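Open the model in your viewer and keep the selection tool at hand. The stops below go one selection at a time.

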Amino acid sequence: MDEVIQVTQWLSSITPRKKAKLFFFTTHADAPSPMVGSNDVDTHEETQLPLATTVALHNFKNIDEFLKKKVNTFSCYNVIENEITKTDYEYLRFYSACKYLDVVPPFLDLEKISAIQNKFEMTDEERDYRLLLDSADLVLEKVCDSLKPAGVSQMWTALRKDRNLIRGVKTIDIIGFFVDPNPTGIKECLFFFIVRFLQKADKINRVNTNRLERLIAQCDESSSCEEGKTIDFIIDSLRFYPTELYPFGFCLIMCVIEGRDGAMQEIEKTMEISRHLGMITHTEKNPTKETIELVKKELMRPKYQFYSSFTCWFMSHGDSNSMVLADGETIEREWFLTSFPDISTFQLKPKVFFMVSCRGANKFSLKGDEFEGQSATCDYYDIGSALIRNRMLDITDSVRDISYVQPMMDTLVAYSTILDHLSGRANTHGSIYVDRACVLMSENISRGRSLTEILEHLSQDLHEILQETMDEDRIVYKQACHYDSFFRKTLKLPYTRHPKEDVHSAPQ
């Protein structure tokens, strides 16, 4: 069959709503870099003009032409270069969006997709199409689905009132002031236009969504929300880090085994819980400084841009300032923590560090006969208003900026103990902190808990446990853990998302 006929038949089989979503996912706002051709970014016209004309004319002709152009480009594309190109990235995004929406063209060359994945050096786990979807776009899709056409129309009216923001933007004038968003797919096109416009204007990104939230907050709840949804519910959904679908993120486990009883148990527990959370995991046993540098270099590779979060467990001996590596050398804890968050592939994404080591030799000792012989160190525990606002400082958009981000932002560092104190271990099962952290995370899967809620529970749980030193003094003591957070959103634990168990239901 002629390819033109195939493309025409394929487009005719896609509903207007799905066409709008496919265009949205395919014109993703933040392409990975560095890449060959990365300076040739999507222009204002490419990403917004088709949406604007579709809304104004109630005609999907320009979106159809855009999708035809994409298909034709991919059809002619020859995957031969060693360097990763802009087209490689676009091909993977297009394929994953089609797969997600259940509209994969029957004529799409899957061998090319495999060849592109080879260029990215993706493992078998990383070839799951869900990794290629942008989790922030999926959150925005859900926000759109929660709004009625009237709600999106009210957002548009509120946006048009911001004259400083829209001045001189031709696509805004194409749509006009009054919009009828009721025809099928027009609501989606208008909402996605608003989102992409705000992104291009540098007003929102995957972390900073305040400007979008303020537009939604101006909607009339009774007429703007789909059944069962509220304005607060919709806004709250934007206040979590976007970690939709599988995988939840990338997990790096570094563990010094030499001279640390129970270290292998620590590795097993952290691997088990990371996989249970739906993470793709890599383990480094007995890391050295050279190992750490190699891992940092690895994480700069383009494929890691597809991950939505980063978690690192680092388990070793240590003191107040440093950690001991497998070869006996030490590294400054502060150096380690500041070097990883600056990796470009994970910018604007949550980064969590579990630092499991002593930070000194002090102990919160418990004295008295009633504490003798009571300790978990040697025995394994298995427990399965408007008026107020009017008086506050008015922060205008002119003094807000989301372009420059301090490297440590969106990072959380969890310490197994407080400064200058011991971090307790069990004789055969390793760090008690690691054990309790893994148990609590496992118990709270599917309960909608945030990571910080789990860490607060962990702090309570760990501080109840009596531990005992392993020297001849056998001192009974308690351990206190804590965390430092630079988070700008809430990070929720995911529901269980094993690749083989996740049955995909295509969106409407």
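**First stop: a contact set**

Select Asp 134. This is a predicted model. Beyond the residues up to four places away in sequence, Asp 134 touches His 28, Arg 93 and Arg 206.

Where does Asp 134 sit? Its place is the loop between α7 (129-132) and α8 (135-146). Is Asp 134 buried or exposed? Its relative accessible area is 11%, under the 20% cut-off, so Asp 134 counts as buried.

Now look at the polar partners. The side chain of Asp 134 makes a polar contact with the side chain of Arg 206, at 3.0 Å. The Asp 134 side chain also reaches the backbone nitrogen of Asp 137, at 3.0 Å.

**Second stop: the whole chain**

Zoom out and switch to cartoon. The protein chain has 21 helices and 13 strands. It runs to 508 residues, and 52% of them count as buried.

Hide the surface. Select Trp 10, Phe 191, Phe 336 and Phe 340. These are the residues with the most contacts inside the largest nonpolar core, which has 103 residues. Which helix gives the most to this core? Helix α12 (residues 186-200) does, with 10 residues. Colour by domain now. The core draws at least three residues from domain 1 (1-28 + 44-239) and at least three from domain 2 (249-364 + 407-486).

Go back to Phe 336 and show its surroundings. Leaving aside neighbours within four places in sequence, Phe 336 is in contact with Met 254, Ile 292, Cys 312, Phe 314, Met 323, Ile 331, Phe 353 and Met 355.

**Last stop: helix α1**

Select residues 3-12, which form helix α1. Which of its residues are buried? They are Val 7, Trp 10 and Leu 11. An α-helix has 3.6 residues a turn, so residues three or four places apart point the same way.

Notes. Residues are numbered from 1 along each chain as its sequence is written. This is a predicted model: local features need pLDDT of at least 70, side-chain atom pairs count only at pLDDT 80 or more; totals for chains, interfaces and linings use all residues. Side-chain values use heavy atoms; hydrogens and water are left out. Helices (H or I, at least four residues) and strands (E, at least two) are DSSP runs, numbered from the N terminus. Buried means under 20% relative accessible area, exposed over 50%, partly exposed in between (1.4 Å probe, protein chains only). A polar contact is a pair of N or O atoms within 3.5 Å; within protein, one must be able to donate a hydrogen and the other to accept it, and residues adjacent in sequence count only if both atoms are side-chain atoms. Contact means heavy atoms within 4.5 Å. A nonpolar core is a set of buried Ala, Val, Leu, Ile, Met, Phe, Trp, Tyr and Cys residues joined through side-chain atoms within 4.5 Å. Domain bounds come from an automatic or database domain assignment.
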